Amino acid sequence: MIGHPISPAARRRRSRPQRNAGVLPWLGLIGSIGMAVVVTIFAKKLFINFVEMYTTYGKELPWLSRVYHDNYLLAWLGPVAVALLWYIGRDSWGPRVAGLLGLLIALVGAVSSIFALYLPYINMGSLV
């Protein structure tokens with residue numbers, strides 16, 4: 001026999017398939033798409049009522065609510081960024097980074113959209 005014999009542990013390491021990120025990039029992509037859908041629905045359905053109410057009293061929406069109302073299409077850049085990162089680094093770091101970015105986008109989007117939705121309610125006292 002030429003060379004060193006292969007130990008059973010080394011044989012198991014060779015036959016073990018490479019572990020990849022698996023579900024994480026899909027969760028990130030789904031989370032970022034879901035947040036973009038929620039932001040779009042908020043901007044198209046809910047903020048219109050606030051805009052009308054605030055304009056009748058001659059006031060402006062709070063800053064964060066105005067940003068969500070005017071720039072809601074920018075929320076769709078999140079899923080595009082996740083998919084692009086996933087594609088660029090598909091052999092090494094891409095799936096993990098894309099998944100984490102998508103989940104971060106979903107978390108930050110959820111918290112900030114809740115604030116943007118409730119700020120007009122909180123500031124209604126200043127309308128009178």
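**Helix packing and selected residues**

Guide: To begin, this is a predicted model. The axes of helix H2 (residues 24–56) and H5 cross at roughly 15 degrees and come within 8 Å.

Visitor: Is H2 roughly parallel or roughly antiparallel to H5?

Guide: H2 is roughly parallel to H5, because an angle under 35 degrees counts as such.

Visitor: And is the crossing left-handed or right-handed?

Guide: The crossing of H2 past H5 is left-handed.

Visitor: Turning to Ser112, where is it found?

Guide: Ser112 lies in helix H5, which spans residues 94–122.

Visitor: Does Ser112 count as buried or exposed, and why?

Guide: Ser112 has a relative accessibility of 18% and therefore counts as buried, the limit being under 20%.

Visitor: What does the side chain of Ser112 reach?

Guide: That side chain reaches the backbone oxygen of Gly109, at 3.4 Å.

Visitor: Which residues is Ser112 in contact with, leaving aside neighbours within four places in sequence?

Guide: With those neighbours set aside, Ser112 is in contact with Leu64 and Tyr68.

Visitor: A change of topic: how many salt bridges does the structure hold?

Guide: The structure holds one salt bridge. Arg66 forms it with Glu60, and their closest N and O atoms are 3.1 Å apart.

Visitor: What is the relative accessible area of Arg66, and what is that of Glu60?

Guide: Arg66 has a relative accessible area of 27% and is partly exposed. For Glu60 the value is 59%, so Glu60 is exposed, the category for values over 50%.

Definitions and conventions: Residues numbered from 1 in each chain as written. Predicted model: local features only at pLDDT ≥ 70, side-chain atom pairs only at ≥ 80, totals over all residues. Heavy atoms only, no water. Helix = DSSP H or I, 4+ residues; strand = E, 2+ residues; numbered from the N terminus. Buried < 20%, exposed > 50% of the residue type's maximum accessible area, 1.4 Å probe, protein only. Polar contact = N/O pair within 3.5 Å; in protein donor to acceptor, adjacent residues only side chain to side chain. Contact = heavy atoms within 4.5 Å. Salt bridge = Lys/Arg side-chain N within 4 Å of Asp/Glu carboxyl O. Axes fitted to C-alpha atoms, helices over the stretch in contact; angles between N-to-C directions. Parallel < 35°, antiparallel > 145°, perpendicular 65-115°, else oblique. Left-handed = near helix turned anticlockwise from the far one by under 90°.
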